[in-house]
Amino acid sequence: MAINQTDQSHGEAEKPTSFFPIPMSSHTPQRQVGKAPSFPSTHPAQYPPKIDLEVTEFDPKIHLVHPLPVPNNIKILQKDTDAGPGCVKLVTVPSSNPRKKNGEDLAYTEPFRVLTEEGVAAFNATISRNEESMAIVTPRNPKIIRGLGFTSKFVRDFNESPELIRHLSTFANVPLCAHPMTTNYSQINFGEAPREGEDHAKPADVWHLDSVDYVLVVMLTDGFEGGELLVSDMDANQAMEAIRTNDFLSELASANKYPKPGYGIFMQGSRIAHAVSPLTAGSTRITAVNSYASRDVMRIDRPSIYNALSMNHTKGVYDPDYLRHIAVRCMWKLEHLVQNPSYDCPDQGEEILDLVIDQLTMARRLIKGDEEHRVPLSEEIKLQQGEFQKLN
Ligand SMILES: [Fe+2]
């Protein structure tokens with residue numbers, strides 16, 4: 001059965017070369033990893049720290065499950081030469097299987113428990129305290145909260161928890177850090193329940209590829225039906241193209257249910273096409289989406305990361321946030337050159353230099369509005385700057 005999409009007027013999916021990480025240079029025998037940046041010392045005016053108002057400090061011993069569990073299975077990305085050059089497919093393997101050295105081949109994990117009951121309660125209390133002043137409506141989501149990493153130390157410490165990041169890094173097969181775009185710390189997504197007379201609500205999220213490398217999506221509520229995480233088992237580019245032309249086969253997608261609040265699914269959302277199915281009954285579905293970046297110094301972002309964030313903030317917030325992230329990516333590359341001058345491989349030094357110049361040049365063009373990259377979504381939505389609406 002083809003999934004019914006009402007709007008196929010969207011442009012082409014980004015080409016693989018523009019959003020897949022650049023492969024490791026043949027000159028680099030071992031992966032080089034950058035240092036996680038410390039938390040910024042400035043904050044956007046609209047996200048002032050409200051630490052004095054917090055009733056609970058994040059305590060990993062109380063709020064995280066111990067030990068953090070390893071799910072039985074994960075899905076990984078495997079080359080799919082039948083589908084075309086450079087294509088991948090998703091394959092289920094036991095999580096104990098040895099992985100390819102230095103390969104960022106994670107698609108996503110089975111759900112596993114992340115937060116204890118106390119952790120879920122503390123997080124929901126944090127959301128309640130901030131919801132009225134921070135919730136917004138965007139063209140894509142009925143209601144979200146962003147910026148909690150600045151306003152809530154609980155959220156900041158949860159995102160930066162060394163124990164959690166170590167655990168997630170083993171699935172990612174690369175050291176990670178909390179995403180350097182700090183507004184990405186725990187985006188809260190609210191999935192609407194159906195209104196009276198409706199069979200189901202609007203989809204909680206449309207088919208898309210993430211702009212950040214990895215996300216951990218933690219469920220914070222129960223008491224609803226539907227709201228499963230849908231993931232295509234096909235190559236991400238091909239899946240997005242099929243969705244836009246109404247040729248997508250739902251049989252080639254998996255529906256993943258979170259067993260209860262506190263469970264999370266960790267995924268390389270930048271490389272898998274995914275969506276959230278509409279709620280069919282019950283109350284609001286609330287998730288916390290923590291974003292993480294690969295610390296592989298050679299990894300680059302899909303250019304649409306700039307436009308993806310611009311949907312949710314004013315330019316005064318998303319420009320500095322994006323610039324910080326690009327500065328971290330470039331800093332890692334330059335630090336690598338500082339520590340490892342390319343005496344015996346001049347080509348490698350030049351390759352890194354080109355990456356830094358390209359990244360900075362593109363950042364300047366994006367910020368000045370000289371270049372734009374469409375966010376890979378299944379539905380046409382407007383992305384004009386400032387198009388968001390504050391909830392009353
Ligand atoms: Fe996503």
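Of the 392 residues of the protein chain, what percentage count as buried? After that, please walk me through strand 12 and helix 7.

Author: Happy to! This is a predicted model, in which local features need pLDDT of at least 70 and side-chain atom pairs count only at pLDDT 80 or more, while totals for chains, interfaces and linings use all residues. Residue numbers start from 1 along each chain as its sequence is written.

Of the 392 residues, 44% count as buried, meaning that 20 or more other C-beta atoms, placed from the backbone, lie within 10 Å of the residue's own. The chain has ten helices and 18 strands; these are DSSP runs numbered from the N terminus, with at least four residues of H or I for a helix and at least two of E for a strand.

Now to strand 12, which covers residues 229-232. It pairs (DSSP finds at least two bridges) with strand 13, residues 253-256, in the antiparallel sense over four bridges. There, Val231 sits opposite Ser254. Strand 12 also pairs with strand 15, residues 274-276, again antiparallel, over three bridges. In that pairing, Leu230 has Ala275 as its bridge partner.

Next, helix 7 spans residues 236-244, and eight of its nine residues are buried, so the helix is largely enclosed by the rest of the structure. Its buried residues are Ala236, Asn237, Gln238, Ala239, Met240, Ala242, Ile243 and Arg244. After helix 7 comes Asn246, with a positive phi near 65°.

How values were computed. A residue is buried if 20 or more other C-beta atoms lie within 10 Å of its own, exposed if 12 or fewer, and partly exposed in between; C-beta atoms are placed from the backbone.
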